[in-house]
Amino acid sequence: MLEIKNLHARIAEDGTEIIKGLNLSVKAGEVAAIMGPNGSGKSTLSYILAGRDDYEVTEGEILYNGENILEMDPAERAAAGIFLAFQYPMEIPGVATMQFLKVAMNEQRKARGEDELTTPDFIRLVKEAAGSLEISMEMLKRPLNVGFSGGEKKRAEILQMKLLEPKLCVLDETDSGLDIDALKIVSDGVNSLRSPDRATIVITHYQRLLDYIVPDTVHVLSKGRIVKSGDKSLAHELEANGYADIINEAA
Amino acid sequence: MTVQSKLPLTAAETALVDQFGAQFGSLPGNAEMVKLRDRAIQAIKENGLPTRRVEAWHYTDLRRLLATVPANAPSGEAQDLERIVDGTARLVLRNGQVATMDSVEQLTVGSMSDALRADVSGVSLNDHGIHDATGLINSAFVTDGFVIHVESGAKIAKPVELQSLHDGGQVHVRNSVTIGEGASVTFFDRHAGSDAEVLETAVTELKLRKGAEALWVTIQETGDAATHLSQMNVTLEEDAKLTLFVVNLSGKVVRQEINGDVIGEGADLTFRAVNLIGDATHCDITLSLGHLVPNTTSTETVRNVVTGKAQGVFQGQISVDRIAQKTDAQMACNTLLLSDDAGFSTKPELEIFADDVVCAHGATVTEIDQDHLFYLMARGISEKIARGLLIKAFVTEIVEELEDEALIEALEARINRWLEVHA
């Protein structure tokens, strides 16, 4: 589903290269974990996938179902089925959460030529999804993410994922700032979306999340490149020994 | 007082003086009013329209902005507007003439032209001095308006909807509204018309007696070629509470002055403005509020969205008299600039002579937050709609203070329409 070929990217403002020849392949139905030390480019990769224009791609391709997404703006990529769960979700005062959800769902449907949701259907879908993530309807009446704790914001990201039904889910350090209970709820939410036609990229610093969201593949990202790939046992190896060995091996 | 060197009159100033000569015989008023009209036009003749050298007009050089005036003849019949919400009583002026006068229980309504001809106390053609262009032009040329008394103790459920409508030319209207002790009422004050060139001056004297409460919502939609000069002179007596809500949606040159005298203890003025300023509009709100006695409060919040080449201005002056202890006055002006050529000037002024008061003023000028925009787009919301959501978020907070669902809906519909065209 996703093929990243020799990707080079830099910060648009000052030209600092962050991604230095990254190759990655993720199939439909796969859960791929990307781990790496701080500064390796994990979040940058997720932003580039989502289409943030703070970053400039200087070389390489990102093929999503065979199509190069680099020409598409963030809204087009979302309508095509790409979803980024932010590490630090935005608080947007004045934009009511329910309204935001409805606009997002209907805009994506419109872009795909589908019918828009009626209000009763929309409310029903939201209630179902929110219930499983322990998000109250009260919380959803508030402006987007305003006054939410870190854990509530992460759960709200997964709620959006459930409602928008993306084909490629990119979770950027979803576990950061979560206690065990929140971790379980979020992981259950992500796992409930696993399906043969959906791929998930889990970007994480710690192995712990991967006990709950068990990956099919694990990739180590260091200095802007994937330096090693393996199965879930690679994550345990990193946990036990740290990144140094693997990075030196690759150098 | 600022000394201006004597310049020859502009086309506009000459036209106004000549127009007065042609018209004054047909303008309503008794002998005293004729004198006041003449005095007003004389002031314009001697001093011209204010330039930026007059402090109160520093950001709105009226002499330059109003270089010519349209002929004093409408292009056509102005049409009554549909009620803004259901069930209002309409008081309509078409091209400066009383047209519709729905009646309301416990409210007496008369025409300004009748009042000017008779000797009605409290109704006059006054102004705030030689630089008060709005007051002077209006005094010279006013044709009609409404004189309204709300009976003491009346709780008027039906909102009163004033409409001043134009189809080009010139419109000069004046209203005098007195709200009796303990009464409560809602007024909608709508200014609207075609896109034909128009000069409108609108002066309102609004007096709230002891314990009176009022909501006054001004909605300015005068069209792309309109020069709209309005002035509200407000007096709040003991325990009176006024919420004054202003929405600006169009116009070419707009100047709205609000002069408030808080003269009774326990009174409160809540002022909110939402200004949507686009194309090449120039929109100026100038507020001058005097807290003259102890224990009164006021809050002023102005939110501006500026796009295209438009320029906005907010001058907010709060004066606290020496005896006005325990005054609490809070003023904020927040502006969203959506284009490189859009501009906004904000000048808060606090003049405080008492020593036990709480007064604050703040101003912010921002662009659309790029992180917020990215977040909305990353959820599939197109850039145009995402920008619209963020701009609406900026003004909605103020609009939703109004509480009346039907009114909020009516205003949000107008805001949405403006955004479709301009943002």
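**Close-up views of chain B in a predicted model**

B:Asp224 counts as partly exposed because it has 15 C-beta neighbours inside 10 Å (20 or more other C-beta atoms within 10 Å of a residue's own make it buried, 12 or fewer exposed, and anything in between partly exposed, with C-beta atoms placed from the backbone). This is a predicted model, in which local features need pLDDT of at least 70 and side-chain atom pairs count only at pLDDT 80 or more, while totals for chains, interfaces and linings use all residues. Residues are numbered from 1 along each chain as its sequence is written, and chains are lettered from A and ligands numbered from 1 in the order in which they are written.

**View 1. B:Asp224 sits in a loop between two strands.** Look for B:Asp224 between β9 (213-221) and β10 (226-236) of chain B; helices (H or I, at least four residues) and strands (E, at least two) are DSSP runs numbered from the N terminus. Beyond its neighbours within four places in sequence, B:Asp224 is in contact with B:Asp195, B:Ser250 and B:Lys252 (contact: C-beta atoms, placed from the backbone, within 7 Å). The C-alpha atoms of B:Asp224 and B:Lys252 are 5.6 Å apart, although 28 residues separate the two along the chain.

**View 2. Nine strands of chain B form an open sheet with mixed pairing.** The strand order is β3-β4-β6-β8-β10-β12-β14-β16-β18, where pairing requires at least two DSSP bridges between two strands. At the edges lie β3 (107-111) and β18 (343-352) of chain B, each pairing on one side only. Within the sheet, β12 (residues 253-262) and β14 (residues 282-291) of chain B run parallel and are joined by 10 bridges.

**View 3. Chain B meets chain A.** Here 17 residues of chain B are in contact with 20 residues of chain A. On the chain B side, α6 (370-377) and α7 (383-399) each supply at least two residues, and α7(B) gives the most, with 7 residues. This side of chain B divides into 9 nonpolar, 4 polar and 4 charged residues (nonpolar: Ala, Val, Leu, Ile, Met, Phe, Trp, Tyr, Cys and Pro; charged: Asp, Glu, Lys and Arg; polar: the others, Gly among them).

**View 4. Stepping back, chain B has 8 helices and 19 strands.** Its C-alpha trace spans about 70 × 45 × 45 Å along the principal axes of chain B. Of the 423 residues of chain B, 52% count as buried.

Notes. Contact = placed C-beta atoms within 7 Å.
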